[in-house]
Amino acid sequence: MDISALVLADSRYPGGGHVHSGGLEEAVSRGLVRGERELPGFLLGRLRTAGELAAVFAAAAALLPTDWAGLDAELDARTPSPAQRTASRAQGRGTMRAGVRAWPSPVLDALLSAVPRPHHPITLGALTGVAGGSPADAAAVAGYLAVSGPASAAVRLLGLDPFAVNAMVADLSAELRTQATRAAATAALPAADLPAPGSPGLDLLAEAHARHHKEEVRLFAS
Amino acid sequence: MNFDPTATDPDAHEPTPATGRAFRIGIGGPVGSGKTALTAALCRALTEVRLAVVTNDIYTTEDADFLRRAGVLDTDRIEAVQTGACPHTAIRDDITANLDAVEALEERHPGLELVIIESGGDNLTAVFSRGLVDAQVFVVDVAGGDKVPRKGGPGVTTADLLVINKTDLAPLVGADMAVMVSDAHRMRGTLPVITQSLVETPDAPDVAAWVRGLLR
Ligand SMILES: Nc1nc2c(ncn2[C@@H]2O[C@H](COP(=O)(O)OP(=O)(O)O)[C@@H](O)[C@H]2O)c(=O)[nH]1
Ligand SMILES: [Mg+2]
């Protein structure tokens, strides 16, 4: 694995990820996730749906295609919740702001002139690719971030035992590895033919989060 | 219109919007010390400055609503950010959400001169990143106890300005102002300290003057 993948996956990477819970805050406020019992299911479900989609597009972006707008539009089409699109673009832009300083490149300039606020997985893939990492590296980063963010949010919102939660994330290693391999295998497909896994449940949680934020306290942006 | 270069007619045009970005001031300090009250006071006092505000309060809309109700700032000049339950992270380690908010305000209001960023209330170790703000104010209050300046911490020792607020409460809580001020100066060396009561001087004249000095 390329070291750039470690930098991107680090929770201390200053790309704005810490203010997103990936639907976990809404799930907690509805009593769907109350503690250590429900969290592994939430994380696995997220990894296999939103995480899979992120891995697929991060892997494709790591090949540094020239049609960035086309790739971004295909991911947009696979993200039905407007709130999730907003959250993904906010994280994509934040991750890119830090990334262009770390790995300056004309490739990133071209991406940003085509798509000023790229989706998060596309940013992750492009940065990994520019830094010399592989599509599998990019997919692993995207998949890992799809679960590490909500896991950290669960510790903060529910006061869970951080050792237990950390072990849950580590437990997903095998799943993450096969996912990265799978995503790398589809990376070179035409963008329109890339897989389209989805999770209506997470889409609805994202919409509910955005709606409730207007009425009561929400600590996370998504 | 007079084309004579020596003529001294008043300039008929709006000043060119300052190129580059607005000056950014961070206001930090513990919960309840008076950060929002000071922000409102500055909005009232600095009428000649084109300014906007970013708030990081847990009730993201609470401080924003206060500023709107106080009638000191238009709604579209206030941005509220969510900090994921980590107020110090959002102003120090990962400033992305706050930078996004500042940039949104700058895009919406070309020629903006000043952005005030109010942190969520935190402990004495919370300071703003220099990547987010050009100058920072740390607000503590008399009611928090007169030992606060002595405790130190990066907020008290390194902020560009320390404000000791709510001096009107000193007799009620038995705080010794002379001790607070001399401790503050001892901890801060040559950095400035302002004591104020927003009840007695609601427009925070001393802090406003300090800010004007930075903008010149
Ligand atoms: N007595 C007194 N109260 C003040 C002063 N400044 C602020 N307050 C009050 O202190 C409370 C907390 O102020 P606020 O600005 O919301 O604190 P923040 O949490 O730091 O933003 C409010 O009720 C203010 O009206 C002051 O100088 N004197
Ligand atoms: Mg406040």
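## Ground rules

This is a predicted model, where local features need pLDDT of at least 70, side-chain atom pairs count only at pLDDT 80 or more, and totals for chains, interfaces and linings use all residues. Residues are numbered from 1 along each chain as its sequence is written, chains are lettered from A and ligands numbered from 1 in the order in which they are written, and side-chain values use heavy atoms, with hydrogens and water left out.

## The sheet

Chain B has an open, parallel sheet of 7 strands, ordered 3-2-4-1-5-6-7. Strands are DSSP runs of E, at least two residues, and helices are runs of H or I, at least four, numbered from the N terminus; two strands pair if DSSP finds at least two bridges between them. Strand 3 (78–80) and strand 7 (193–195) of chain B sit at the edges with a single partner strand each, so one side of each has no neighbour in the sheet.

Strand 2 (residues 51–55) and strand 4 (residues 114–118) of chain B share 5 parallel bridges, and B:Val54 partners B:Ile117.

## Strand 5

Strand 5 runs parallel to strand 1 of chain B, with 4 bridges, and B:Gly28 partners B:Phe138. Another 5 bridges tie strand 5 to strand 6 of chain B, also parallel; here B:Val137 stands opposite B:Leu161.
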